[in-house]
Amino acid sequence: MAEIVSPRVNSARLADHVGQHVRLTCKVLRLTGSAAIVEASDGGQVEVRVPISPIKDVYIEVVGQVVEPGVVKLLNCINLGDTLDMNIVDFVVEKWHSPQFSSMF
């Protein structure tokens, strides 16, 4: 069975992953019909296309496919609660993409 890699991203890194599956840890700002507007760990806003909303918490991890920069199609949602240190999340995202740590991720 092939391994599916879904790198952790913030809003700035979405453009590098168009068409790919990613993990986006974010804060839900608002739900509107079939979309959610979220704030990524770097402070940028992203539209998450949500066919049926499994979103229950303020902070979530979106597992989805990048449709275009700034837009992710939700495949799965992990509810993370009502508090989360987004500075730490963004630190991890940036280390994930650092060549210094490429052998770890």
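A residue counts as buried when its relative accessible area is under 20%, as exposed when it is over 50%, and as partly exposed in between, using a 1.4 Å probe and protein chains only. By that cut-off, 37% of the chain's 105 residues are buried. You're looking at a predicted model, where local features need pLDDT of at least 70, side-chain atom pairs count only at pLDDT 80 or more, and totals for chains, interfaces and linings use all residues. Residues are numbered from 1 along each chain as its sequence is written, and side-chain values use heavy atoms, with hydrogens and water left out.

**View 1. The fold from start to end.** The chain has six strands and one helix (DSSP runs: helices are H or I with at least four residues, strands are E with at least two, numbered from the N terminus).

**View 2. Ala40 in its strand.** Find strand E3, residues 35-40, and you've found Ala40. Ala40 counts as buried because its relative accessibility is 3%.

**View 3. Who touches Ala40?** Leaving out residues up to four places away in sequence, Ala40 touches Asn10, Ser11, Leu24, Thr25, Cys26, Val46 and Met86; contact means heavy atoms within 4.5 Å. Val9 sits 31 residues from Ala40 in sequence, yet their C-alpha atoms are 8.4 Å apart.

**View 4. Contacts across the chain.** Take the chain's contacts with a separation of 6 or more: 49% of them join residues 24 or more positions apart. As for the outline, the C-alpha atoms fill a box of roughly 40 × 30 × 25 Å along the principal axes.
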